[in-house]
Amino acid sequence: MTYIKKPIFRHPSLPTNEIGLTYRDYEGVVSTLCAGCGHDSITASIIDACYELSLPAHKIAKLSGIGCSSKTPNYFLNNAHGFNSVHGRMPSVATGANLANRDLVYIGVSGDGDTASIGLGQYCHAIRRQLNLTYICENNGTYGLTKGQFSATNDKESKNKKGLDNPFGAIDLAIMAIELGAGFVARSFSGDKEQLVPLLKSALQYNGFSFIDVISPCVTFNNHGYSTKSYDYIREHRSLFGELDFIPEEETINTSYAEGETVTIKLHNGNDISFKKLGADHDPTDPHKVLNTLRNNRSDGKVTTGLLYVDPDKSDLHDTLNTSSKPLNSLSMNDLCPGGEELEEINNQFR
Amino acid sequence: MMKPTDTKNPNYYHKVVDCQWACPAHTPVPEYIRLIAQRKYTEAYMINWESNVFPGVLGRTCDRPCEPACRRVRVEEEPVAICRLKRAAADNKSDVSSLLPEIPSKKNGKKIALIGGGPASLTVARDLMPLGYDCTVYEKDPKAGGLMRTNIPSFRLPVGVIDEEVDRILDFGVVKKFNEEVKSLKSIIQQDYDAIFIGTGAPKGKDLDIPGREEASSNIHVGIDWLTSVAFKHVDKIGKKVVVIGGGNTAMDCCRTSLRLGGKDVKVTVRSPKADMKASDWEIEEAELEGIPIFDNHSPKEFVHENGKLKGVLFEKMEAKYKDGKRKLIPTGETIFFECDDVLLAIGQENAFPWIERDIGIEFNQWNQPEVNKVTFQSTLPRVFFGGDAAWGPENIIWAVAHGHQAAISIDHFCNNKDLEDRPSPLTNLVSQKMGIHEWSYPNDISNSDRFAVPHAEKELSLTDLNMEVELGYDEKLAFEEAQRCLNCDIQTVFSESLCIECDACVDICPIDCINFTQNDTEENLRKKLTVPALNLSQDILVSDNLKTGRVMVKDEDMCLHCGLCAERCPTGAWDMQKFTYIEAHADKSSIFEYVE
Ligand SMILES: Cc1cc2nc3c(=O)[nH]c(=O)nc-3n(C[C@H](O)[C@H](O)[C@H](O)COP(=O)(O)OP(=O)(O)OC[C@H]3O[C@@H](n4cnc5c(N)ncnc54)[C@H](O)[C@@H]3O)c2cc1C
Ligand SMILES: Cc1ncc(C[n+]2csc(CCOP(=O)(O)OP(=O)(O)O)c2C)c(N)n1
Ligand code: SF4
Ligand code: SF4
Ligand code: SF4
Ligand SMILES: [Mg+2]
C-alpha cells in the first residue's frame, strides 16, 4: 500500500473542462489495492469520463457492495455522495437513493463476486425495474478481497493460481442483462481506456439501466498462465464489437479507431451515440442478433467487447411508477400536504 | 520511429538532475541537500568542497545558475534555495581537516607557476597539490582570494569565511609569492616551471569618457578599484550624496558599501530599462530593501563641476524601442541633473594583459584576447594555460572553479605527456533505492511549502557596520524545511520493458501525467501526442523498446516529481527508483562516494 499522499502538484498545462476543473479535481484518495490491479484503471476511466462530461461531483452518487472492486469508489470523486453497502446489496441501496432523489447521477460499482453470486437476485431485479443507474461490474473472475476463490464468472477452463480446476461454468452477466431487458449493455477491458471512457460517458448519460461488464485482471490471484481473465489472455482473445463515441449535442469526437460505417443512435434525452459498425451483421439495437453473436464468439473463445446492445427508447423506473418529478428533499410542506379539503375528498373515495 | 533511449550515456540521467547539469562544476546538489536534512553537515560540506572548493563562499555569493534551472520552478514558482542550503552545510559542519586529501611529502618533481591568487588559480593548486606538484602562486595583493576578497563586500561575505577556505589550500604547502605583481610573463617562462597557469582575472574596470571626467577625477572612482581600497581599508568614507553608474552586481555592491561608509543619499542609475539590468534579481532586491532607488533609462552625459569640484551628473533620459526582438535605446532629449559628492563607475570590467609579451608564442585575437582552447584551457604556447575571468572575460566564482578543475587535468596530462584532448570520464553509478514494497531510501513525500526566506540582520544595525553580515543564514530547522522542498531529481525513474505487463498502473497514479503508452513515432509526433504534450524541448523524453502490445512507453522528463509513485504502483518492478550519482572527473581522485549515503 502506498503511504504517501499523491503530490498536489499537477502539470501546469493540464486542460480544464467546461466547469473549469482538471481531471485531478475528480480524484479520490490514493488506492489501497494491489499495485497493478485492473480496478485502478477503471477508477481512472471513471474519473476521465466524469471530467470529460463536466459533471459536478456533488450531483453524483457512487454506491458499492463489498470486494476490492467495491472499495474503489473511495478512490474517485472525493466530493460526490457515497454509500458503501453490504455484500451484494448495492442495487437495493441504489434503488432507495434513486427513488428519493432522481436528480443525481448514480454510479454503482460492484465485482463479479458481489454481482454474480451473493448479489445475483438484486442485480436481476434492478435490471427488471429499469433503475436509472450505471452499473459497473469490475470482473476479474475471482474473489480478490477474500484471496482468490473462483467466482461465478470464472470460465470453466480457467484454473486457479495453483492450477486447480474450476468445477462450474461461468455466468455471462452481459448476456443475462440483455435477456432481462437492460437498455444499455457493454463489455470492456480495464486496459483499454480508449474504449472504456466513451462507453462510460454514454452509459452515464443513458436514462435507464446501463450495465458495463469490465474485465479487470486481478494481478495477485488471477493473472497467471491458466487464467482467462489475465492481461495477456484478454489482449489476445478480445474481439471488438463496434466502436463508439458518445456525442453530447452535435459536436463530433474522433476516436483513434479505423473507419467503418457509422450509425448514430439518438437517445431519449437528446444525446447521440455514434457507433461504428465493424461487420454487416452488426446491429446493436437488435437483441437477438446481438445474443447470437455473443454466444458464437464465446464458443470461438473470443471475448466480445464494445457497446453490445442499446435500446434508445426504454423508459426508466420513475416513468413506470409515475413518481414525483422532483427529488423528495425538495418537496415543500405545500407539495406534501394537500390541505384539509383535498384530504376529505380523497378519504371520501374510500368510504 | 524513435529508438529506445540510451540511458547508458551518462548525459541522459545527468540532464534530468537539472541543478547539477546547470552547475558549471556539476555539484551533486540533491545528494548534499538530503545530507543536510539528515544533519550530516560535514558530509554535505565535503561533497561541495570536492566539487566547488569554496562552499562557504559560494553558499553566500554564488551566481547560482542551478536555481533558475531547478525543476521546482517548472512545477511551482520558486526554486529550492540550493545556494543558501550550501551555506547551511558550511555553517554547521565540524572540523574537516581529517577529511582532506593527503599531500605527499615526496614531490613529483614538477613545478607549476600560478599567476594571480583568485579562485581559478587556487582550484588548480587544490587539484595538483595532492598529486605531488610543487605550486607557486604569484599575487600582486598581500593576500590570496582575488575578487572574492577584494571586491565582494564583507557584509555579503565575511573575511573569516574567505580565510578559512583559501588558507585550507595554501596550507597544502603552496609557495606564496604575495605582494608580487608579475610584470613580464617572459621572466616567469625563463624560470624552470613545467607549466604556467594564468588566473589573473579581469582586473580592469571600464572608464566613462564624458566631459568633466578628468577635471572632477578626484571624486570619480572606478568601482572595482574603489571596492578593493575599501577591502584593504585604504578607504573608509564617502560623500553624503553618491551616484553609482551601472546596472550590474558591481553597482549593487558599490551602492550598498557607500551606505555603510557615510552615504546618505545613494542612487543607482542605469542606461537600460530596469528589466534588462545585468545584476541578479536577488542583488537588486537587497539594494532596494536598503532603500536605494534605481533610476533606469538614464544615460550619463556630463560630470558637472566647478573648478574641478564635482557638483553632480547630468543625464539624458532614454527610451527603449524594440524591433524584431532587438532593443534600441533612443535619446529623448530630456535631461536630468543629480547632485552628488562622489560618483562610482560600475559599467564593466575587462581582462588585460599588458604584462604578456606578444613575441613569446601566445597568440592574441583581434580583440586583444588570448587564444585559449575551450576544452583544454591551453594557450598557443603549450606550457601556458588560462582560466577564470582571464580566459574569456568576467564570469563568476563557480565558473572560475570549473575552469580551474579542467585546467588542472590538462596540466597533469601535459606534465605526463598525455593527450590533452583525451578527457577523463565522469564517475557514474545507478543504485536502486527500494527498501520495502513501498519504502524508499530517499524522502519521496515532498513538501508543498513555498521557498523559505533567509533571516536578515536588523537593518538599522547592519547599515552602520560594513562588516556585519546582512544574511544570517538558515538555522537548522529552516534548512531542514527547505531541504524537504527538493524533488530528488537524481533519483531516476528507471524502466525495464521486459518486466512491463502494460497494466497502466503507473499512468493512472502519476500526479503529473508524464507516463504514456502509445504507438512509436518520430520524436516530433510523439511529443505532440502525449496525454499532456511534451512541449519543453530542452527536456528529453524517455522512450522504451517495443512492448508486448507493440506500443512503447514514453515518459516526459520535464515535470516528473520523482515521487516514486509509478514504481510503488508497478506490480512487476518494471519501474524502479534508482539513484544516479555523477561525479565530474578531476585531476585529484574524488572521494565523494565516501560521503554518498
Ligand atoms: C564587485 C564584484 C562583485 C562580485 N560578486 C560576485 C559574487 O557575488 N558571486 C560570484 O560568483 N562572483 C562575483 N564576482 C565575480 C568574481 O569575483 C570573479 O568572477 C572571480 O573572482 C574570478 O576569479 P579569477 O580567479 O578568475 O580571478 P580574480 O578573482 O579576479 O583573481 C585574480 C587575481 O589575480 C591577481 N593579479 C592580477 N594580475 C596580476 C599580476 N600581473 N600579477 C600578480 N597577480 C595578479 C589579482 O590581484 C587577483 O587577486 C564579483 C565581481 C565583482 C567585481
Ligand atoms: C455477507 C458476506 N458474505 C461474504 C463476505 C466475504 N467476502 C468479502 S468480499 C467477497 C467476494 C468479493 O468478490 P468480488 O465482488 O469479485 O470482488 P473483488 O475483490 O474480486 O473485486 C466475499 C465473499 C462478506 N464480506 N459478506
Ligand atoms: S486482490 Fe486482486 S482484485 Fe484485489 S486489489 Fe489485489 S489485484 Fe485487485
Ligand atoms: S528539485 Fe532538487 S534535485 Fe531537482 S533541480 Fe531542484 S534542487 Fe535540484
Ligand atoms: S516519479 Fe513516476 S509517478 Fe512520480 S512524477 Fe515521476 S513518473 Fe510520475
Ligand atoms: Mg472479483
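Predicted model: local features only at pLDDT ≥ 70, side-chain atom pairs only at ≥ 80, totals over all residues.
Visitor: How many residues of chain A and chain B are in contact?

Guide: Contact means heavy atoms within 4.5 Å. Here 31 residues of chain A touch 33 residues of chain B.

Visitor: What area is buried between chain A and chain B?

Guide: Buried area is the accessible area (1.4 Å probe) that two parts lose on being put together, summed over both. For this pair it is about 2600 Å². Carbon and sulfur atoms give 57% of that. A:Ile4, A:Phe9 and A:His11 supply 27% of the area that chain A buries against chain B, more than any other three residues.

Visitor: Which polar links cross the interface of chain A and chain B?

Guide: Side chains of opposite charge can pair when their charged atoms come close. The salt-bridge rule asks for a side-chain nitrogen of Lys or Arg within 4 Å of a carboxyl oxygen of Asp or Glu. Four salt bridges across this interface pass. One of the salt bridges in the model joins B:Asp508 and A:Lys193, with the closest N and O atoms 2.6 Å apart. Polar contacts are pairs of N or O atoms within 3.5 Å; within protein, one must be able to donate a hydrogen and the other to accept it, and residues adjacent in sequence count only if both atoms are side-chain atoms. Between chain A and chain B, 15 residue pairs are in polar contact, both at pLDDT 80 or more.

Visitor: Which elements give two or more residues to the side of chain A that touches chain B?

Guide: Helices (H or I, at least four residues) and strands (E, at least two) are DSSP runs, numbered from the N terminus. The elements in question are α1 (38-52) and α8 (231-237) of chain A. By class, that side has 16 nonpolar, eight polar and seven charged residues. Ala, Val, Leu, Ile, Met, Phe, Trp, Tyr, Cys and Pro count as nonpolar, Asp, Glu, Lys and Arg as charged, and the others, Gly among them, as polar.

Visitor: Which residues are around ligand 4?

Guide: Near means that a heavy atom of the residue lies within 4 Å of the molecule. Around ligand 4, the residues include B:Cys19, B:Cys70, B:Cys486 and B:Cys489. B:Asp18 and B:Arg71 are also among them. The shell has eight nonpolar, no polar and two charged residues.

Visitor: How many salt bridges are there over all chains?

Guide: The count is 61. In one of them, A:Lys229 pairs with A:Asp155, closest N and O atoms 3.8 Å apart. A:Lys229 lies in the loop between β8 (209-215) and α8 of chain A, and A:Asp155 in the loop between β6 (149-150) and α6 (173-179), so the pair ties together parts 74 residues apart in sequence.

Visitor: Is A:Lys229 buried or exposed?

Guide: Buried means under 20% relative accessible area, exposed over 50%, partly exposed in between (1.4 Å probe, protein chains only). A:Lys229 is buried at 5%. A:Asp155 is partly exposed at 21%.

Visitor: Where do B:Arg156 and B:Asp253 lie?

Guide: Their side chains meet in a salt bridge (2.6 Å, N to O). B:Arg156 is in the loop between α10 (147-150) and α11 (159-170) of chain B, and B:Asp253 in helix α14 (residues 249-260), 97 residues apart. B:Arg156 is buried at 13%, and B:Asp253 is buried at 5%.

Key:
Residues numbered from 1 in each chain as written. Chains lettered and ligands numbered in written order. Heavy atoms only, no water.
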